Amino acid sequence: MTFAAVPLTLYPDMFPGPLGHSMAGRALEAGVWSCVPLQIRDFAADKHRTVDDTPAGGGAGMVLKADILAAALDHAAAAHPDLPILAMTPRGTPVTQSRVRDLAAGPGAIILCGRFEGFDERIFDARPIEQVSMGDIILSGGEMGALMLLDACIRLIPGVMGATSSGDDESFENGLLEYPHYTRPVTWEGRTIPEVLRSGDHAKIAAWRKQQAEDITRLRRPDLWERHVDARDRPASGARRKKKD
């Protein structure tokens, strides 16, 4: 099964962009995934190919028109009926590694990329669209967020990464940030690779990496740490254990 990426955008030349290089680029050439961007403007009916209009109620900026968006989405959905539809928007649910894995295991995604002030809200009432965000930041448009999302998915497709285990210990895969990495030279500017990593004792190395991941997560991302501890302490039934006095 080929993973199909179908970005709906006003700037189709932005795709595949950086995804045409390195591992993703080689996988694209090999047909492991496909990228078929659609120009939203092609679905405008007037001679000026208008895709936006002023906000109802007044205000700055322009809003992408629901009728044009619907025409583009319906065209994409007819050509790719099995693909989920996502919209890149700062109002969306933050994407997690778990959601990325779900998408990567599927047939692909239709990704609606916003511009200007965003979308006419009625498009979300009229079509089955999952609103997603790549973080608490504002970009010039949804294309960069879509590229990030696609990169996160494509690297998980079997055969894209060099080793099947390459992504197993990375940040967020097990609910923690990743442990530190080192490589030769052993000593650099007076700083030496931790002795445990040079010991050859795989059990000690695994324990050190686990402790480092926990410590870093606790210090840098207390929100992740809290979720990790909560998940770790929850019994198989799903009910939370009562904390001992």
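User: Why is Arg 49 called partly exposed?

Analyst: In this predicted model, Arg 49 has a relative accessibility of 36%; since buried means under 20% and exposed means over 50%, with partly exposed in between, a value of 36% places Arg 49 in the partly exposed class. The residue is found in the loop between strand S3 (38-39) and strand S4 (52-53).

User: What makes the phi of Arg 49 worth a remark?

Analyst: Phi of Arg 49 is near 55 degrees, which is a positive value in a residue other than glycine. Most residues other than glycine have a negative phi. Ser 22 likewise has a positive phi, of about 55 degrees, and is not a glycine, but its place is in helix H1.

User: Why does Ser 22 count as exposed?

Analyst: Its relative accessibility is 51%, and the exposed class begins over 50%, so Ser 22 counts as exposed.

User: Is Leu 197 buried or exposed, or does it fall in between, and how do you know?

Analyst: The relative accessible area of Leu 197 is 23%; because buried requires a value under 20% and exposed a value over 50%, Leu 197 is partly exposed. This leucine is found in the loop between strand S10 (191-192) and helix H6 (202-220), and, leaving aside its neighbours within four places in sequence, Leu 197 is in contact with Tyr 182, Ile 205, Trp 208 and Arg 209.

User: How do you know that the buried residues of H3 line one face of the helix?

Analyst: The buried residues of helix H3 (residues 97-104) are Gln 97, Val 100, Leu 103 and Ala 104. Seen down the axis of H3, these buried residues fall within an arc of 115 degrees, so they line one face of the helix. An α-helix has 3.6 residues a turn, so residues three or four places apart point the same way. The buried residues of H3 pack against strand S1 (3-9), strand S6 (85-94) and helix H5 (142-154).

User: How does the radius of gyration of the protein stand against that of a compact globule?

Analyst: A compact globule of 245 residues would have a radius of gyration near 18 Å, whereas the protein has 22 Å, a value above that of the globule.

Note on methods. Residues are numbered from 1 along each chain as its sequence is written. This is a predicted model: local features need pLDDT of at least 70, side-chain atom pairs count only at pLDDT 80 or more; totals for chains, interfaces and linings use all residues. Side-chain values use heavy atoms; hydrogens and water are left out. The radius of gyration is taken over C-alpha atoms; the globule rule is 2.2 Å times the number of residues to the power 0.38. Buried means under 20% relative accessible area, exposed over 50%, partly exposed in between (1.4 Å probe, protein chains only). Helices (H or I, at least four residues) and strands (E, at least two) are DSSP runs, numbered from the N terminus. The arc is that of the directions from the helix axis to the C-beta atoms. Contact means heavy atoms within 4.5 Å.
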